[in-house]
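Please look over the sequence and the three-dimensional model shown here before reading on. The briefing that follows takes up the sheets, the helices, the core and the confidence of the prediction in turn.

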Amino acid sequence: MIPLAHLSDDVLVDYAAGTLPQATALLVATHLALCPDCREEVRLLEEVGGAMLAERVPEAPADHLLADCLALLDRPVTVQEQPARYCADGVYPRPLLDVLPADGLTWHKRAKGLAEIRLDTGPGPVAKLLKISAGQPMPRHTHSGREFTLVLDGSFSDDYGVYRRGDVAVATEGEIHQPIAGAERDCICLAVVEGSLSLTGPIGRVLNLFVRF
Ligand SMILES: [Zn+2]
């Protein structure tokens, strides 16, 4: 199944340039493992970047290079079979397997119907695996930075639609939302918040005093 909700060009450019925080880069790499379209875009970006580094591209104003780059992204792409290095392994694709705890997954309950595992992605934004019980609404919340949520198993929905395996929902700073897990089975996601997260409902505002999300 090819994902329907993708990462934006600016996120893929930052990924190809190596400027994303480690947690966000992990989420992008995991999406790429599941998405031939974005993988091809990153390959093209890396090709352009490599050519520039090798001085095979003639001197040109930065605006022209950016325009060339964007034109490359707009051209139709031929989707190739998934290369072996991006092979998915069950629920957790390869880039994620590399950072999962070696001693197995221990889920920590954080709220009703919500459990998490914090991944070791060094300083900066934190990457977490979330497990949301089937049909469970998440606490209504907002955040001070971008929030990326990549579905690994099951599905969830929000105001914009339904997200399934490989899809990424990106909530911008200050956006208030309340994703709801699909009723078919528990939803497992990889989530990264580039800032702090706070709950907005009446109970959530009390929980904020005690729980660091
Ligand atoms: Zn994609």
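Helices (DSSP runs of H or I, at least four residues) and strands (runs of E, at least two) are numbered from the N terminus, and two strands are said to pair if DSSP finds at least two bridges between them. On that basis, six strands form an open sheet with antiparallel pairing, in the order 3-4-5-12-7-10. This is a predicted model, in which local features need pLDDT of at least 70 and side-chain atom pairs count only at pLDDT 80 or more, while totals for chains, interfaces and linings use all residues. Residues are numbered from 1 along each chain as its sequence is written.

**The two sheets**

- Strand 8 (residues 155-158) is joined to strand 9 by four bridges in the antiparallel sense, and serine 155 has arginine 164 of strand 9 as its bridge partner.

- Helix 2 (residues 22-34) has 13 residues and reaches 19 Å from its first C-alpha to its last, close to the 18 Å expected at 1.5 Å a residue, where the expected span is 1.5 Å times one less than the number of residues.
- Ten of the 13 residues of helix 2 are buried, so this helix is largely enclosed by the rest of the structure; among them are Leu26, Leu27, His31 and Leu32.

- A nonpolar core is a set of buried Ala, Val, Leu, Ile, Met, Phe, Trp, Tyr and Cys residues joined through C-beta atoms within 7 Å, and the largest one has 41 residues, with Leu12, Leu27, Leu150, Cys189 and Leu190 having the most contacts inside it.
- Elements that each supply at least two residues of this core include helix 3 (36-53) and strand 7 (147-153), while the largest share, seven residues, comes from helix 2.
- Cysteine 38 lies in helix 3 and is buried, with 23 other C-beta atoms within 10 Å.
- Leaving aside neighbours within four places in sequence, cysteine 38 is in contact (C-beta atoms, placed from the backbone, within 7 Å) with His6, Leu7, Leu12, His31 and Leu32.
- The C-alpha atoms of cysteine 38 and leucine 12 are separated by 7.7 Å, although these residues are 26 residues apart along the chain.

**Confidence**

- The pLDDT, which is the predictor's confidence in each residue from 0 to 100, has a mean of 81 over the protein chain, and 73% of the residues reach 70 or more.
- Over residues 209-213 the pLDDT is below 50, and this stretch has one contact in the model beyond near neighbours in sequence.

Conventions:
Two residues are in contact if their C-beta atoms, placed from the backbone, lie within 7 Å. A residue is buried if 20 or more other C-beta atoms lie within 10 Å of its own, exposed if 12 or fewer, and partly exposed in between; C-beta atoms are placed from the backbone.
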